[in-house]
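Please open the structure in your viewer and keep the selection tool at hand.

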Amino acid sequence: MATAAEGLPEAGAQPAKQDPAVETAEEAKEPAEADINELCKDMFNKMATYLTGELTATSEDYKLLENMNKLTSLKYLEMKDIAINISRNLKDLNQKYAALQPYLEQINLIEEQVAALEQAAYKLDAYSKKLEAKYKKLEKR
């Protein structure tokens with residue numbers, strides 16, 4: 001028993017110097033009935049103020065979300081109108097292209113014929129040069 005109580009001061013002895021980090025326990029006293037009622041009212045008022053603030057913040061968040069949703073909806077409507085205009089313009093371009101298709105085919109046909117004529121002209125030029133060379137050869141004889 002002596003070893004267990006070595007580090008503890010005796011019951012009747014007071015410590016020489018009190019450590020500032022150690023608090024001493026004091027007997028809890030119940031506040032008077034009027035104080036309890038006042039403290040309860042104060043607590044409920046503060047809780048009401050806190051909850052009102054929380055609800056106000058939540059309400060403002062929902063209003064912000066509602067405004068954001070409205071703006072997003074307007075942007076989507078604008079994008080829908082733009083898409084409709086693009087679609088309409090694309091249909092118009094496709095119709096114009098279909099109307100021009102016969103002319104484009106004629107242009108392609110003319111281009112092929114011009115290429116064939118060009119080849120014929122080159123052959124004719126080569127043949128005429130050959131004939132000219134033969135004529136000059138015969139003329140020299």
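**A guided tour of the chain**

Select Lys46 to begin: this residue is exposed, with a relative accessible area of 56%. By the cut-offs used here, buried means under 20% relative accessible area, exposed means over 50%, and partly exposed lies in between (1.4 Å probe, protein chains only). The model is predicted, so local features need pLDDT of at least 70 and side-chain atom pairs count only at pLDDT 80 or more, while totals for chains, interfaces and linings use all residues. Residues are numbered from 1 along each chain as its sequence is written, and side-chain values use heavy atoms, with hydrogens and water left out.

A salt bridge is defined as a side-chain nitrogen of Lys or Arg within 4 Å of a carboxyl oxygen of Asp or Glu. Side chains of opposite charge can pair when their charged atoms come close. Lys46 and Asp42 are 4 residues apart in helix H1, and therefore separated by about one helical turn. Asp42 counts as partly exposed, at 36% relative accessibility.

**The whole chain**

Now select the entire chain. How many helices and strands does the chain have? There is 1 helix and there are 0 strands; helices (H or I, at least four residues) and strands (E, at least two) are DSSP runs, numbered from the N terminus. Of the 141 residues, 0% count as buried. The structure contains 4 salt bridges.

**Further along the helix**

Select Asp125 and Lys129 next. These residues form a salt bridge, with their closest N and O atoms 3.6 Å apart. Asp125 is partly exposed at 37% relative accessibility, whereas Lys129 is exposed at 53%.

Proceed to Glu132 and Lys136, whose side chains also meet in a salt bridge (3.6 Å, N to O). Both residues lie in helix H1, 4 residues apart, which is about one turn of the helix. Glu132 is partly exposed, with a relative accessible area of 44%.

**A nonpolar patch**

Finally, select Tyr97, Leu100, Tyr103, Leu104 and Ile107, which make a nonpolar surface patch of about 530 Å². Patches are made of residues with over 30% relative accessible area and no salt bridge; like charges are joined within 9 Å, and nonpolar side chains (Val, Leu, Ile, Met, Phe, Trp, Tyr) within 5 Å. Tyr103 is placed in helix H1 (residues 33–140) and counts as exposed at 53% relative accessibility.

Conventions
Accessible areas come from the Shrake-Rupley method with a 1.4 Å probe; for residues, only the protein chains shown count as cover.
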